[in-house]
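Dear colleague,

I am pleased to hand over the structure that we discussed. Please find it below, followed by an account of what was found in it.

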Amino acid sequence: MGFSTKDPTKVGTLNASWRTILLKTMNAEEVLEKFKSAGALLDGHFILSSGLHSPMYLQCAMALESTRSAAEFGVALAQHFADRQIETVASPAIGGLVIGYEVARQLGVRFIWTERENGRMTLRRGFRVRKGERVLVVEDVITTGGSTRETIDALTESGAEVVAAGSIIDRSGGKADVGVPRVSLATLVVAAVAPADCEACKRGDQAIKPGSRKR
Ligand SMILES: [Zn+2]
């Protein structure tokens, strides 16, 4: 298309049909409503990958199947960082790619990602950062903050200055500490208990392992 991402009028044109709704920051209820309508936030009785049982299951990728929702989440996150002189958005692959790209596109800055190589989060594919480059790290869901922290470490070791982090969902109940200021569009406190302590199991409800379920 040949437009410059630094030219705000062109970015505005690109998004003209969405602008009126998007200039309003989404609140947490609106975010979760989008997740629910996409089937990305399920109520029930689930076995998490940790083996713990939970009444809630989150499958963020499904909420991002909708390109419109992804763009709306991107705008809502980008608004938090509009005055932070962000030069680059970086995300941990795979979960962070879609939302990170959207945030970068809205800020008019470049987008790169980190991925694991021999278990270690690293910049590959020719991606480089400049010394002192102001980077925002974006993920889809923060649970413990581990992937974001590893991404921050990889960037910092390469010389960048990571100024903030963001995610669509925080399911740490606000507890995850990644060492830089952090923003999420919706914060959840997710109960997860050992099967022996699970009330739903005691009632005799069958627990579902979501990943194994055919849609
Ligand atoms: Zn259970």
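How do the residues of the lining of the largest pocket divide into nonpolar, polar and charged? In this predicted model, 13 of them are nonpolar, 11 are polar and five are charged.

The space in the largest pocket amounts to about 640 Å³. Its lining is made of 29 residues, and those closest to the pocket centre are Ser49, Leu58, Val141, Thr143 and Arg171. Three elements each supply at least two lining residues: strand 2 (53–58), strand 6 (134–142) and helix 7 (146–157). Strand 6 provides the largest share, with four residues.

I turn next to the nonpolar cores. The largest one has 35 residues, of which Val31, Phe35, Phe73, Val89, Ile168 and Ile169 touch the most other members. Several helices contribute two or more residues to this core, namely helix 3 (28–37), helix 4 (60–63), helix 5 (67–80) and helix 6 (97–107). Helix 5 gives the most, with five residues. Apart from this core lies another, of 16 residues, including Phe127, Val137, Leu155 and Val180.

Which residues does Val89 touch, if those up to four places away in sequence are not counted? The list consists of Gly100, Val103, Ala104, Leu107, Val109, Arg110, Phe111, Ile112, Leu136 and Val138.

Yours sincerely,
A colleague

Definitions and conventions: Residues numbered from 1 in each chain as written. Predicted model: local features only at pLDDT ≥ 70, side-chain atom pairs only at ≥ 80, totals over all residues. Heavy atoms only, no water. 1 Å grid on protein atoms, 1.4 Å probe; cavity = no way out; pocket = protein on both sides within 12 Å on 5 of 7 lines; lining within 4 Å. Points joined across faces, edges and corners; volume = space filled by probe spheres on them. Nonpolar A, V, L, I, M, F, W, Y, C, P; charged D, E, K, R; others polar. Core = buried A, V, L, I, M, F, W, Y, C linked by side-chain atoms within 4.5 Å. Buried < 20%, exposed > 50% of the residue type's maximum accessible area, 1.4 Å probe, protein only. Contact = heavy atoms within 4.5 Å.
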